[in-house]
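Please open the structure in a viewer and keep the sequence at hand.

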Amino acid sequence: MQTLSSCDRRSQLTLCLLALLLSACANQPVERSAERSMPESSSYGKPTCPRAVYISPEAAAYPRSAANAGYVNGWVMVELTIAQGEPTAARVLDSSPSLFEAAALKGAKSMRFEQSVQAASCVAPFKYQLK
């Protein structure tokens with residue numbers, strides 16, 4: 001039976017520790033951020049939407065799919081058409097990453113504005129941050 005020299009034992013121990021460290025790191029969630037910075041809403045050639053008087057908290061919640069994918073933040077620019085204080089149409093202009101688009105559209109459609117906002121087309125920025 002062969003015996004290991006002290007150098008071989010140290011190398012084996014080092015490799016074992018490295019393997020343990022790598023396996024521990026593999027179980028840690030990866031935190032990912034939006035790939036791009038959020039642009040100014042004015043860069044889309046439309047005014048920023050007026051401040052909403054209501055938005056459904058459930059509709060504007062952080063998307064579970066984004067959290068599961070490891071994203072800690074993201075943003076979406078939504079173009080809204082407003083009539084009599086309510087959105088009549090919504091479409092995504094830009095996002096980073098796209099996992100946030102469905103949540104932003106749901107949030108945009110739940111928004112309510114002052115009744116004085118009759119007919120307008122504007123850009124609503126949605127910014128998400130995992131807490």
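**The disulfide**

Cys49 and Cys122 are both buried. The model shown is a predicted one. Select these two cysteines together: they form a disulfide, with their sulfur atoms 2.1 Å apart. Cys49 lies in the loop between α1 and α2 and Cys122 in strand β3, so the bond ties together parts that are 73 residues apart in sequence. The torsion about the S-S bond of Cys49 and Cys122 is about 90°, and the disulfide is therefore right-handed.

**Ser41 in the loop**

Next, select Ser41, which is found in the loop between α1 (6–26) and α2 (64–68). Is Ser41 buried or exposed? Its relative accessibility is 10%, so Ser41 counts as buried. Leaving aside residues up to four places away in sequence, Ser41 touches Lys46, Thr48, Met77 and Val123.

**The hairpin**

Now select residues 73–83, strand β1, and residues 86–96, strand β2; the two run antiparallel and are joined by nine bridges. The strands form a hairpin with two residues between them, and Gln84 in the turn has a positive phi of about 55°.

**Salt bridges**

Which residues are linked in a network of salt bridges? They are Lys46, Glu79 and Arg91. Begin with Lys46 and Glu79, where the closest N and O atoms are 3.4 Å apart. This pair links distant parts of the chain, as Lys46 is in the loop between α1 and α2 and Glu79 is in strand β1, 33 residues away. Glu79 counts as buried at 11% relative accessibility, whereas Arg91 counts as partly exposed at 47%.

Then select Arg36 and Asp94, another salt bridge, with the closest N and O atoms 2.7 Å apart. Arg36 is in the loop between α1 and α2 and Asp94 in strand β2, 58 residues apart. Arg36 is partly exposed, with a relative accessible area of 42%, while Asp94 is buried, at 18%.

**Helix α3**

Finally, select residues 101–110, helix α3, and colour its buried residues: Ala103, Ala104, Gly107, Ala108 and Ser110. These cover an arc of only 160° around the axis, which puts them on the same side of α3. What covers them includes β1, β2 and β3 (119–129). Turn to the face away from the buried side to find the exposed residues Ala102 and Lys106.

How values were computed
Residues are numbered from 1 along each chain as its sequence is written. This is a predicted model: local features need pLDDT of at least 70, side-chain atom pairs count only at pLDDT 80 or more; totals for chains, interfaces and linings use all residues. Side-chain values use heavy atoms; hydrogens and water are left out. Two strands pair if DSSP finds at least two bridges between them. Helices (H or I, at least four residues) and strands (E, at least two) are DSSP runs, numbered from the N terminus. Buried means under 20% relative accessible area, exposed over 50%, partly exposed in between (1.4 Å probe, protein chains only). The arc is that of the directions from the helix axis to the C-beta atoms. Contact means heavy atoms within 4.5 Å. A disulfide is a pair of cysteine sulfur atoms within 2.5 Å. A salt bridge is a side-chain nitrogen of Lys or Arg within 4 Å of a carboxyl oxygen of Asp or Glu.
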